[in-house]
Amino acid sequence: MTSIKTVVVAGLLSMMAAAPAFAQEAIQEPGDFAFYYPNLDVLNGGAPTPAYRMEGMPPSVMQNYNERESGLGATNVWHHGRTHHASGAMHDGPQHG
């Protein structure tokens, strides 16, 4: 009989010591959230979208991002008279090709 009481007490103590795990709260009305917060991502728990993060940057950054995302942008980035190619090579002067 003593062993049953010991097992029951051990089981109760382990249940009380275990921390409950709650699921992450979901956005209840995604349409309302997207309407009132257009620059936050509904699927990532309200994290800022890339466009929102670039809002304080110069307009050329946003233009480059839009061109790259649409598939119209080049792989080269101009920076103070130098061209950075996708391969990592740089050269001075005008671009040939």
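Author: A helix here is a DSSP run of H or I with at least four residues, a strand is a run of E with at least two, and both are numbered from the N terminus. The model is a predicted one. By that definition, the protein contains four helices and five strands. Their order along the sequence is α-α-β-β-α-α-β-β-β.

The residue to look at is Y52. It belongs to helix 3, which covers residues 50–53. Is Y52 buried, partly exposed or exposed? Buried means under 20% relative accessible area and exposed means over 50%. Y52 has a relative accessibility of 38%, so it counts as partly exposed. For a sense of position, take P38: 14 residues separate it from Y52 in sequence, and the two C-alpha atoms are 9.2 Å apart in space.

Next comes helix 4, which has twelve residues, 59–70. From first C-alpha to last it reaches 17 Å, close to the 16 Å expected at 1.5 Å a residue. G71 follows helix 4, and its phi is positive, near 90°.

Now the whole protein. Of its 97 residues, 6% are buried. Its accessible surface is about 8,400 Å², and carbon and sulfur atoms hold 61% of that. Among contacts with a separation of 6 or more, 0% join residues 24 or more positions apart.

Notes:
Residues are numbered from 1 along each chain as its sequence is written. This is a predicted model: local features need pLDDT of at least 70, side-chain atom pairs count only at pLDDT 80 or more; totals for chains, interfaces and linings use all residues. Side-chain values use heavy atoms; hydrogens and water are left out. Buried means under 20% relative accessible area, exposed over 50%, partly exposed in between (1.4 Å probe, protein chains only). Contact means heavy atoms within 4.5 Å. Accessible areas come from the Shrake-Rupley method with a 1.4 Å probe; for residues, only the protein chains shown count as cover. The expected span of a helix is 1.5 Å times one less than its number of residues.
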